[in-house]
Amino acid sequence: MPIVDHATRLITCKLVYYGPGRSGKTTNLMYLHDALPSEQVGSLTSLATRRDRTLFFDYLPVDLGTVGAYHVRFQLYTVPGQPYYKAIRQLVLQGADGIVFVADSQRSRWDDNIESLQDMHANLAEHGVDARALPIVLQYNKQDLPASLVASVDELSAALNFRGVPEFAADATQGTGVFDTLRALGTRVMKRLGAEEGGAGSSRAA
Amino acid sequence: MPVEGDGALTSPATTPAFGSADRALRFDTFVVGASNKLAHAAARAVADAPGQAYNPLVVYGGSGLGKTHLVGAIAHRAREHRPDLRVRFTSGDELASTLHRAIASGQPHQFLVDHQQVDLLVIDDIQFLTGQRETQTELLRLLNVLLQGGQQLVLTSDRQPADIPDVDERLLSRLSGGLVVDVGAPDFEMRLAILRNVSQDRGVSFVDGVLDAVARMPFGNVRELKGALNKLSAYQQLEGTPVSVGDVRAVLGERAPSTGPERIEAIIPAGTDYEGFLADVLQEVETRVEPWRIQLGDAIARWRPEGWRVTVLERALNLTQAPDVDGLLRAFAAAVEHLRGLEAQAAAVDPSWAGHEAFRNVEAIGAAEQLLQRIIETAQPLPGPSPAFTRAALDSTPESQLALKAVDAVIAEPGVRYNPLLLHGPSGSGKSHVAHAIGNAMRERWPARRVACLSASLFVEELIASMQEGGTERWRTRYRSADVFILDDIHLLEGKERTQDELFHLFNQLMAQGAQVVLTSQRAPRALTGLADRLRSRFEGGLVVTLPARERPRLEHLVARAPGEPDRFFLDREKTVWEWPDLSGRLIEEYR
């Protein structure tokens, strides 16, 4: 649940982009970094391996400014997709207020998507988080690739979206669907404000 | 209120500077935000008690930020409280013109005479006095006269008084002697609240989100904001269709910069606008965050930076259900006020105690009170009994047996039996001796107990001195710390109502904390007609014993030794000064 600091009038939401390696999670953040008003996004911090894949995580703070009586800040993280970085994924996932699952639409990555989705659920379970209660949206990235290479949204939806969460077709390199994805997740996360206000919203999941 | 413009006496409705158009300048139409909270609070205080709170009050800030509204509201509210209040509302340049007219008519003194006749003088825009040395000198004279007379002065300026060029230093110093507060530019919430107020006042309604969109534009002052609203309202009327959120920027033109750079719209495809996202988030914040949490958060944000411990508020914030927030905040504010009072007392004794951590914890008021007690005790010991009078030296006669038994019982168990103990007897019956003897015996028997032993006349003198110094609370605290309080000759308090009030409260406090009270008087309580009934009844409620007169045997003895001489001594009821080191030459009544 988002952290609400009533004294400083600050709401902080941690949103995590999850998905198999090379599915386009970092590309999502790079697009947002370029597209959002410069005074509202911080610098994109990426710690990458020598092979240019995300090692630890990407981090992009997005400051929505003062919205209503509160200052709202989104912290966007990506996890390293490669299977052997499981420990880091768990670490990043800790305390997430919402997750974007970025699936690679290429048919060749079908199994990777399923494996990563299962991995996400397993990691959430290890943190004691009920995935049904956590805001999650699905993004089917790389839909711009030739139809012969990619699965359709319907196919992907049937395979991955068994819970019927919001889903978006995307082309992260061009930005198609990127903002819609963030907006959908952001709004859902905000809807959880005060839902378990016992801890003033300060007790994060896990 | 005879509200005046600068010139002839006029009714409020026709006063140019404060006329019917300015009736909207009230506190309830003034939107309060972080940028003007202090100015608003100060203005309210001045309006509620002109001449008493902050005098002079100087409100400064940029154009269009509500200075005139605020000072206008002071005048309105002050008039509501006291319809007979004479208020004059003028401006810096009007003041200068009036002075020039008075000089031209050969009656320069008339300026001062005219302006002296007001209870509340509001001078708007004093920055216009820059360089006008003559007017400044007259204003300084006027200020001195008004401030001495307890009349309230409120001034506004578009900058800090110290930043107004070419102003008499003495005038500056006078202006800074009261309270100087600023009003800043409105933030988003304030802008939105102002827009909602204005549109409601004008009976204009807009599509949802329009006012939000206007408020997001960085208008630096309220006039521009209202101008934008006028424009939208006119556009809506002329077009006959409501202005949509998307129209706002087009209607208001490029002059008003938008918060979102254009590239957002260019890059993010249509229908996924960033503003819409913000609107979604706003809606969620407004619907999900409960107002009572906002209220508590506000309070925490207000008190914490000032160093107050806010854990009690933070605990309330973590509750699942709304507590009695108003009650909690009232209690918190009251506790803060109390601690401030304690801190001020401690600082008055020793300035190094100002700002001490102990005076910032609302949950440990008891500890703060104890600390203050120690500070005062260390700095000001209680007046003690004269060592010359001891229990052993008290004459034991058949008539004094009852009194002596009572005295011994009180010494053995102070605060337990015979509380208060009131001993009365005529002059010369040895009351003071008994009083001081009890004090000394208490000190000897109960060294840890704090004994105060003093005459009623000293009690009165100390109270008056403390009132002169503004340290009455400190004086009270000092005596409240006593475990044994012995007040000699309480008949001297007859007719002294204020001292009786103080004694009444002190008495109650001492009794409540189990302290022993011993009083002496020339007459029985019922015969002390100049004492308030509530005191007499309380004194009667303890043990009242009579000390027999001792003049006769002593007189007979003295007459036998030196005939004639003692008669004059006792019949004149002469007093003797006892030179004891710790009495500092104070007069105590002869006890023989």
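Two strands count as paired if DSSP finds at least two bridges between them, strands being DSSP runs of E with at least two residues and helices runs of H or I with at least four, numbered from the N terminus. You're looking at a predicted model, where local features need pLDDT of at least 70 and side-chain atom pairs count only at pLDDT 80 or more. Residues are numbered from 1 along each chain as its sequence is written, and chains are lettered from A.

Start in chain B. Select S8, S9, S10, S7 and S11: in that order, these five strands form an open sheet with parallel pairing. Its edges are S8 (451-455) and S11 (543-546) of chain B, each pairing on one side only. Now zoom in on S7 (residues 421-424) of chain B, which pairs with S11(B) over four bridges. Click B:Leu421 there, and you'll find its bridge partner, B:Leu543, in S11(B).

Next, hop to the largest nonpolar core, which has 36 residues. Such a core is a set of buried Ala, Val, Leu, Ile, Met, Phe, Trp, Tyr and Cys residues joined through side-chain atoms within 4.5 Å; buried means under 20% relative accessible area (1.4 Å probe, protein chains only). Among the residues with the most contacts inside this core are A:Phe74, A:Leu76 and B:Val285. Helix H5(A) gives the most to this core, seven residues.

Stay on A:Leu76: the residues it touches (heavy atoms within 4.5 Å) include A:Leu15, A:Leu32 and A:Leu182, leaving out those up to four places away in sequence.

Last stop: A:Val4, in strand S1 (residues 3-5) of chain A. Is A:Val4 buried or exposed? Buried, because its relative accessible area is 5%.

Conventions. Side-chain values use heavy atoms; hydrogens and water are left out. Buried means under 20% relative accessible area, exposed over 50%, partly exposed in between (1.4 Å probe, protein chains only).
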